[in-house]
Amino acid sequence: MKKLILSLALLAFALTGYSQGFAFGPKVGLSQTQLDLKSDDFKNGDSKFGYHVGLFARIGLGPLYLQPEILYTQTQGQFTFNPADAPIKDYEADFNRVDIPLMVGLKMFKVLRIQAGPIASINVNSELKDAGQTVQNAKFEDATIGYQAGLGLDIGNLIIDAKYESSLDKITGSMGKFSTDQRVNQWILSVGFRLF
C-alpha cells in the first residue's frame, strides 16, 4: 500500500506541470490532536499539539483547484487505561508519519477558499511511551486513509489553511490483550508560501 500511495503522490505532483494555474512552495504548521478510542478499557485523554513541514502544489482549474501536499507530521495523543481490575494509568502515544493530502477546493472572492479531500498517512515511527507490560505490543498500521476539510485564505504569495482531519481507518486494533478501535482526530493550522 505504501508504494501505491507514493506513486499517486508523485503522479499528482507530476501533473502540476501541465496546468496553467500552477503554484508550488513550502508549508509548515501546527496541529491539535486527540485520540478517539472506542473501548471499555481505554478512555480518550487530553488533546496534544504537534507540527508538520513539507511541500504543497496548487493546480488551478478555473474556480476549482487541486492541492496535493507531502508533509512530515509529528503528533501525540493521550489516553487512559482503566479496566475493572487494574489501577488507572495515563499513556501517551507518539505518531511520526508522512502525510499526503489531496485537497479539492473552490475559490471565492479571490482570497477565500473552501476545500476537502482524502489524506493518506504512512507510518514512519509510532510508539507508546512507557507502555510497560499491560498495553505492550501495540501494532500501528503501516498506512491509513482519512479525510480533511476546511477553509483557506490567499494573501499575496501567502496561503493559510485551517482544516479538520479524521481517520477512516483505525491506526491500531489492539494494545496488549485488549481490543480497541484507535483513530486520530486533529485540527490543523498551516501556512505556505508560493515560490511561483
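The model is predicted, and its chain holds one helix and eleven strands, arranged along the sequence in the pattern α-β-β-β-β-β-β-β-β-β-β-β.

**Chain as a whole**

- Of the 196 residues in the chain, 47% are buried, while the chain exposes about 10,100 Å², of which carbon and sulfur atoms supply 62%.
- Among the contacts in the chain with a separation of 6 or more, 65% are accounted for by residues 24 or more positions apart.

**Nonpolar core**

- In soluble globular proteins, nonpolar side chains tend to be buried together.
- The largest nonpolar core here has ten residues, namely Leu35, Phe42, Phe79, Phe81, Tyr91, Ala93, Phe95, Leu128, Phe140 and Val184.
- At least two residues of this core come from each of strand 4 and strand 5 (89–108), and strand 5 provides the largest share, three residues.

**Cavities**

- Two cavities of 30 Å³ or more are counted in the model, and the second largest cavity has a volume of about 70 Å³.
- This second largest cavity is lined by 13 residues, of which His52, Leu71, Asp99, Gln148 and Ile188 are the closest to its centre.
- Strand 1 (21–38), strand 4 (64–81), strand 9 (158–167) and strand 11 (178–193) are the elements that give two or more residues to the lining of the second largest cavity.
- By residue class, the lining of the second largest cavity comprises two nonpolar, six polar and five charged residues.

Note on methods: Residues numbered from 1 in each chain as written. Predicted model: local features only at pLDDT ≥ 70, side-chain atom pairs only at ≥ 80, totals over all residues. Heavy atoms only, no water. 1 Å grid on protein atoms, 1.4 Å probe; cavity = no way out; pocket = protein on both sides within 12 Å on 5 of 7 lines; lining within 4 Å. Points joined across faces, edges and corners; volume = space filled by probe spheres on them. Helix = DSSP H or I, 4+ residues; strand = E, 2+ residues; numbered from the N terminus. Nonpolar A, V, L, I, M, F, W, Y, C, P; charged D, E, K, R; others polar. Core = buried A, V, L, I, M, F, W, Y, C linked by side-chain atoms within 4.5 Å. Buried < 20%, exposed > 50% of the residue type's maximum accessible area, 1.4 Å probe, protein only. Contact = heavy atoms within 4.5 Å. Areas by Shrake-Rupley, 256 points an atom, 1.4 Å probe, with all protein chains shown as cover.
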